[in-house]
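Subject: Structure handover

Hello,

My notes follow below it.

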Amino acid sequence: DVQLQASGGGLVQPGGSMRLSCAASGFSFDDYSFSWFRQAPGKEREGIACINWGGNSYYSDSVEGRFTISSDNAANTVYLQMDTLEPDDTAVYYCAATSLYYCPLHRREYNNWGQGTLVTVSS
């Protein structure tokens, strides 16, 4: 079974940067697409970035141009580089894996989830 562990969250000032990591194990890396979701208090969980085993990446409009998803196959790790952070980016960030190649950003398509890491953007 796929095991995912998200880390790297914390407190950051508006306009700052932060990199999240998702360590994966128990899977065939090239058979999965990996996504980052986030959930702010009282709001629905939303997909914000995805990368598939073909190296294609996709982003939600809310983070396009500010966030970058990448993967290191040798390290079995997926990253989310977050730049120009805004207070509205404050949320618990989750990594997730799916066997679907087309790299959806829909929660219903994911059965494998990490535990989440909290990102707080505040002065």
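Met82 touches Gly16, Ser17, Met18, Leu20, Arg66, Phe67, Tyr93 and Val119, leaving aside residues up to four places away in sequence. Contact here means heavy atoms within 4.5 Å.

This is a predicted model: local features need pLDDT of at least 70, side-chain atom pairs count only at pLDDT 80 or more, and totals for chains, interfaces and linings use all residues. Numbering starts from 1 along each chain as its sequence is written, and side-chain values use heavy atoms, without hydrogens and water.

Met82 also belongs to the largest nonpolar core, which has 31 residues. Phe34, Trp36, Leu80, Met82 and Tyr93 touch the most other members. A nonpolar core is a set of buried Ala, Val, Leu, Ile, Met, Phe, Trp, Tyr and Cys residues joined through side-chain atoms within 4.5 Å. Buried means under 20% relative accessible area, exposed over 50%, partly exposed in between (1.4 Å probe, protein chains only). A second, separate core has five residues, including Phe37 and Tyr110.

Now E4. Six of its seven residues are buried. Strands are DSSP runs (E, at least two residues), numbered from the N terminus. Two strands pair if DSSP finds at least two bridges between them. E4 pairs antiparallel with E9 over seven bridges, and Phe37 has Tyr94 as its bridge partner there. E4 also pairs antiparallel with E5, over five bridges.

Elsewhere, four strands make an open antiparallel sheet, ordered E1-E3-E8-E7. Its edge strands are E1 (3-7) and E7 (67-72).

Best wishes
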